[in-house]
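Welcome, and thanks for taking a look. Please keep the sequence and the 3D view open side by side as you read.

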Amino acid sequence: MYLVGTYLVLMAAAAGIYVGAMSFPARHLGPAGPGFFPQLVAGVLFSLCLWGLFLSWAGAEGPQPRVRIPPRVLLGMGVSLLYILSMELVGYFPSTLLFVFLIMSLVRDGAGYGRLAAESLALTAIVFLLFRIILKTYLPLGILFE
Amino acid sequence: MSGILEAFATALTPMNLLMVALGTASGVTLGAIPGLTATMAIAILIPFTYGFQILPATALMLGIYCGGMYGGSIAAILIRVPGAPCNAATALDGYPMARQGLAGRAIAMSTIASAVGGLFSTAVLLICVAGLARFVLMFSTEEYFVLTVFGVVMVISLSGRSMTRGFISALLGLVVGQVGLDPILPHPRFTFGVTNLLTGFPVVPVLIGLFCLSQGFHMLEEGATASRPRMVYAKQRLAFRDLWAVRRTLLRSSLIGTLVGIVPAAGPNIAAFLGYSEARRASRQPEAFGTGLLEGIAAPEAANNAVPAGALVPLLSFGIPGDTVTAILLGGLLLHGYTPGPMMIRENVELIYPMFLFLILANLCMLVIGLFGVRPVARLVGLAGNRLLIGAVCMFGVVGGFAYSGQLTEALITVLFGIVGYFLEKIGIPIVPMSITVILGPMMEVYLRQSLIASNGDVWTLVFRPIAAGLWVLAALMIWSSVRVNRRIAQSAAALAASESN
């Protein structure tokens, strides 16, 4: 079901790309125009997804496995997105500490929160040392602290 | 011959040797860190060479090039994030080996294969450099286009039983590659008014998301109780028979990397996947590829490390850099008053041959570093618990994406592609073809459009030019051969399932 749904979404996206590319300038230039390649790719993608739908309907690709995404994975994705937003606000150190702590909490397997906090601090510090101190790579301070 | 020996004798000074060793060690270290690449390593270290003479400066840069190409395989094996795009193929068998507690063996094979590929190509090119420069002159945009298609076709052929899904994955990568300014008429495409997208999706954060962060989500799914065999040090040695068993793969892949390297802009990415694909096609157990096979590591690593020597041919003969690293190398040469061109190979022997010598020395340094310096690191990673590893992988995924250029937009791109990569793999669409077309797609488009513009829209020029025609025939043979291999694998799997149910 997920695969079929993905094919339908991709077909809609391909149609959108094809139509969107029609608004690009210089269409009269053919291959020289910016819309040529997107329309070519969109056309092939649409056709292939249609073929994929046919194969799924005909059972040619065998039984589709059930797709189950555990809640902790969805939480992990959400935490990852929030991590970036928080990095912009409060900077690398506090946001990374919290991010690693939360990710490891999702799989803590009986470990105490004190231990998780210590491991998070160690990981955060190691990466800070490597990127910021040794390699002089920029790590954000955060809007609140700049 | 005496000219070569004289040039070597001039180049073998303590300073040059030190620069090779330093460059190689730096390249390996920086290449192994997700988010940093050999290009960044050279960019960080090149200011130090401003005051150097040309030979020590070149020694340092070539050491970084060589080390960086290999270093990326370490992260690919240990945590499934390729340090550079060309190491993505290494992760296909390297990471499964690490999951089986055999990371040390995987890294040892990667080290030896990289050294073999690098030494082979350097030796070949030392002899043939002048003649190969003439061959490269025959390539035009049509040949480059067909070469990129060839590379993509190779990757699709690795998609297992469903080449349709592999093809769809490749097309998704082409779609991603179109975001940004049109390369010929600079008009924004699919940027939706977002200024940061005018330069398109940056390749490194996309790859880190697809390979590293998506793997972090898979590990979250498995949870902390997923079993991971402990790495037993005694089992981490590579015996001579292991190397003898992959000798044909090493030779074939080294040759592939050498030939691909001399074609400008073809790059180590095509070489690595071509090498892997060929090894799988020629193998007696193709179904075992992707499960943790030494051959699956030897092939891409020998191929991608054979590229640097090859890339020197168009660089020195025509001033055409093969990739971003050689582009910086070109800048270094110009800075020191050397102008690459057709006369350079004949008139600057005192620079040309030492460059090949430095590559030989860099490969030997890399062998020592890889065999004695890296395995303790692999052991350390093996000792880490699942929870710590999950936290580290997820953190490196996001921070690695950010560290690429210091923009939070790139970290966001990494996370989004991590989610996309996880979801695609869950529903059975492979991410490897997508990762390669994200890299090759923009090049493919430019070559196609330039060819059609030059020929007034005549598509047949893409087919009937001699070298292009040869590549099409080769690509068709590869597809046919891969279909046969996949059918054989499917029949073996069906026979096995039938015998188990009886």
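Here is a short tour of cysteines and charged pairs.

The model is predicted.

**Cysteines**
- For B:Cys66, the closest cysteine sulfur belongs to B:Cys365 and lies 9.1 Å away, which is too far for a bond. A disulfide needs the two sulfur atoms within 2.5 Å.
- B:Cys66 is buried, its relative accessible area being 0%.
- The sulfur of B:Cys86 has its closest cysteine sulfur in B:Cys66, and because 11 Å separates the two, they are too far apart for a bond.
- B:Cys86 is buried as well, with a relative accessible area of 2%.

**A salt bridge in chain A**
- A:Arg115 pairs with A:Glu119 in a salt bridge, with 3.2 Å between the closest N and O atoms.
- Both partners sit in helix α5 (residues 113–134) of chain A, four residues apart, so about one helical turn separates them.
- A:Arg115 is exposed at 53% relative accessible area, whereas A:Glu119 is buried at 14%.

- B:Asp182 and B:Arg189 form a salt bridge with an N to O distance of 3.1 Å.
- B:Asp182 counts as buried at 2% relative accessibility, and B:Arg189 is buried at 1% relative accessible area.
- B:Arg449 and B:Glu445 form a salt bridge at 2.7 Å, N to O. They are four residues apart in helix α21 (residues 432–454) of chain B, so about one helical turn lies between them, and both are buried.
- Through shared partners, salt bridges join B:Asp182, B:Arg189, B:Glu445 and B:Arg449 into one network.

Notes
Residues numbered from 1 in each chain as written. Chains lettered and ligands numbered in written order. Predicted model: local features only at pLDDT ≥ 70, side-chain atom pairs only at ≥ 80, totals over all residues. Heavy atoms only, no water. Buried < 20%, exposed > 50% of the residue type's maximum accessible area, 1.4 Å probe, protein only. Salt bridge = Lys/Arg side-chain N within 4 Å of Asp/Glu carboxyl O. Helix = DSSP H or I, 4+ residues; strand = E, 2+ residues; numbered from the N terminus.
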